[in-house]
Amino acid sequence: MVRRIQKVAVIGSGIMGGGIAALCASAGIPTILLDIVPFDLKDDEKKDPKARNRIVNAGMDALKKSKPALLMDKEKDLSLIQTGNLEDDFKKLAECDWIVEVVVENLKIKQELFGKIEKIMKKGAIISTNTSGLPLNQIAQGRTKAFKEHFLGTHFFNPVRYMHLLEIIPGKETKKDILKFMADFGERVLGKGIVWAKDTPNFIGNRIGVYSMVSTMQVMMEMDMTIPEIDALFGSAAGRPKTAAFKTADLVGLDTFSHVANNCYDLCPKDESREGLKLPAFVGKLVEKKWLGNKTKQGFYKKEITPDWKKIDKVINYKTLEYETYEKPSFPCLAAAKKAATLPQKLQALVYGTDKGSKCAWKVTAGMMLYSFNRIPEIADNIVEIDNAMKWGYAWEMGPFETWDAIGLKKSIDRMKKEGMKIPKKLQMMLTKKVNSFYKVEKGKKMFYDIKTMKYKEVPTNPLAINLAILRANKKVVKANKSASLIDLGDGVFNVEFHTKMNAMNGEMGQMIADGLMYAQENGIGLVLGNQAPGMPGAFSAGGDLGYMGEMAKNKNFNGIDKMIKDLHTMIMAIKYSPVPVVAAAYGMTLGGGCELCLASARIVAHTELFMGLVEIGAGLIPGGCGMIHLWQRYMDGVPATVKLADYGAYLIPAFLLVAQAKVSMSAQEARKNGFLRLIDRIVFNKDNLIGEAKKEVLSLVANGYVPPVKKKYPVMGREAQGMVWANMQDMSIGGYVPKHMAFIAKKGIYCMSGGEARQGQLVSEDYLCKIEREAFVDLWKTEETQKMAAHIMATGKPLMI
């Protein structure tokens, strides 16, 4: 039997249910979203479909307005979601291949619902629950053997679109082929990282996450620390999200967090560290007061507006339950961590210092690592599942066991012993056997220490999930400089990896791309441009190195800027006309120069989370790497032959506005609508597989007889288009709608995009367009205003409108 999921039903239209429905629709799957009929309908509403669907429609309204957006292509995705209620539309479930339940965490309600579903579900349909803590085997109690064979847990994390984790929990009787199919579907179609959990309270992510958060609160109170101090210690310095601990709880909602934590405490009576799961009383008091975090505009933190309209950040004093202003915390260990170059060095600085902050960081981290070790095999069979759950579900850069390796296994255990911490027997046996790390690379493969067998085993991975770090460790680096590396992916395909801050482009990176092209032409069949950054969304490349160019402008070295852009153009055109295909593996922030690299490539293989745009105007510039040239060519390639030259303005203006408004796509699907991606470019849901998919695209192009594009001239709109845009800019500038220098930059942009001094309809060469682009780019750097704008965006990350 060939199994396919061609239609999905999601029961429950809350934040999680709506998120799952949105993800399925974004993946192109028709989805039914159902919820209950309101209990409080008046007599005249009981036959009104709109009133009967009030709850599900409210869920859809929330889905449409969600920030960050849960829908990747709003118009298309919404067309794939059909709403209804559990009375009038229940029979529609019989059409579905996968039915996922996301209703209230009430065992009786779930049992009754599944009893009804079993009566109408199609033969072979897969049924799953998104419960975050109720035992699966109790939920399925009373169901037939056939039902139980097709029943499992599929636990997503919020926000569903952005969190990579999907915990799959087998029931006692779930068929192996069903589990295998859903793991493949979740990974390949929905783009999730699959973790195999056991049917235990809160599964993996929330079990470790709750202990980590609650025990951190307890240590904070024991050591008389403050909430801002804890967030400073366990934020980006520790490889955690910037929201750290308490701001993350505010984001999740204190009611939700308290429910999960209390559920964990209640259902884990035999946990050796159960008291570490017990919430401090002050959290319950905040919930009683309805101070639930962001959704009530106050939780652990709140913002207040002064009479003169200034925003003041305040934090709860957990002793008095009153809000207070606070200063940015400072500890020597934090200062040392900030100076450290790598995450392991940062973590060592945090936990091995002598100040109060370091002692707190050590106590929390040591406790979390020991707790995680003791959960095997209770909640997971191995350390990989726990590490992945925390990285993918909580956005930690390193999981508990990777953290342990980073700070040194033997060194940390020696300290634990010295401080009287209880060391698990199997952990002590690791040291006796001279096992000094949980992970290692052996014969080109990443291995993990299996606690059950006390032997190293290979970390299971999808063949497409190429890991550049492993390739580097296996000496697959062909050549490297400070900013980029050329890595052998095998099969004649090479990869240029960037490793500057935010992967910002500079001369060294450009040189490595040029060298990589030459090397691939002489020794292989193709080249991938790609890198792998931890977390979401990451950056393929956030643009050019403004600091370097700004310094040249400050020293009036405009000839240097001119040469740099000339070299950039040479490299960009070398990518475009390379005899071997170049594929860009784009994801996350793909801005400015990063976008221009993609536009020059033979193909783009993009992750769904793609924030792509030509944003140079915010730094006082126009795109300087042929971005406008290639964007216009993409638009022209899509113009029907029946369109007259005089009507080309309908294509030029939208293309120009993408540049003038620095418009950034909020997904790969939107990037395609904007014209940055073509129909021949591919969109991949699973970021782990992006480099592998890009390599596969190179191999496919070569197998199909790849031939580079032939140079040709393109028609431009010329001075007529400039006049039209300049007139509008003049009016908007006079009216105060557009700052004077921004209008000046926009004029430079349309001058380049429309062909400079060319006539309407004239065919112009790329060499000519590159020349006028380079001249305009240098001219802008000569202005004091652009230099101010570039310096401001470098200092603040925000554009300056002048």
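This is a predicted model: local features need pLDDT of at least 70, side-chain atom pairs count only at pLDDT 80 or more; totals for chains, interfaces and linings use all residues.
Trainee: How many aromatic pairs does the structure hold?

Mentor: There are 21 aromatic pairs in the structure. To classify a pair, look at the angle between the ring planes, where over 60 degrees counts as edge-to-face. Take Phe246 and Phe300: their planes stand at 80°, with the ring centres 4.8 Å apart, so this pair is edge-to-face.

Trainee: Where in the chain do Phe246 and Phe300 lie?

Mentor: Phe246 belongs to helix α11 (residues 246-252), while Phe300 is in the loop between α13 (281-288) and β9 (301-305). The two are 54 residues apart, and their pair links distant parts of the chain. Both Phe246 and Phe300 are buried.

Trainee: Are Phe498 and Phe540 buried or exposed?

Mentor: Buried means under 20% relative accessible area. Phe498 is buried because its value is 2%, and Phe540 is buried because its value is 0%.

Trainee: Which ring does the charged end of Lys289 sit over?

Mentor: For this feature, look for a charged end placed over a ring. The charged end of Lys289 sits over the ring of Trp291, 5.0 Å from its centre. Look also at Lys446, which lies over the face of Tyr439 at 4.9 Å from the ring centre.

Trainee: What lines the second largest pocket?

Mentor: Start with the space: the second largest pocket holds about 430 Å³. Its lining has 19 residues, and Tyr211, Ser273, Gly367, Leu370 and Met421 lie nearest the centre. The elements giving two or more residues to this lining are α9 (205-222) and α16 (356-374). By class, the lining of the second largest pocket has 7 nonpolar, 7 polar and 5 charged residues.

Trainee: Is Glu149 buried or exposed?

Mentor: Use the cut-off of 20% again. Glu149 counts as buried because its relative accessibility is 15%. Glu149 lies in helix α7 (residues 145-149). Leaving out residues up to four places away in sequence, Glu149 touches Glu173, Thr174, Lys175 and Ile178.

Conventions: Residues are numbered from 1 along each chain as its sequence is written. Side-chain values use heavy atoms; hydrogens and water are left out. Rings of Phe, Tyr and Trp (its six-membered ring) pair if their centres lie within 6.5 Å; planes under 30 degrees apart count as stacked, over 60 as edge-to-face and the rest as tilted. Helices (H or I, at least four residues) and strands (E, at least two) are DSSP runs, numbered from the N terminus. Buried means under 20% relative accessible area, exposed over 50%, partly exposed in between (1.4 Å probe, protein chains only). A charge sits over a ring if NZ of Lys or CZ of Arg is within 6 Å of the ring centre and within 35 degrees of the ring normal. On a 1 Å grid over the protein atoms alone, a cavity is a set of points where a 1.4 Å probe fits but cannot get out, and a pocket is an open set with protein on both sides within 12 Å along at least five of seven lines; lining residues have an atom within 4 Å of a point. Grid points are joined across faces, edges and corners, and a volume is the space filled by probe spheres set on the points. Ala, Val, Leu, Ile, Met, Phe, Trp, Tyr, Cys and Pro count as nonpolar, Asp, Glu, Lys and Arg as charged, and the others, Gly among them, as polar. Contact means heavy atoms within 4.5 Å.
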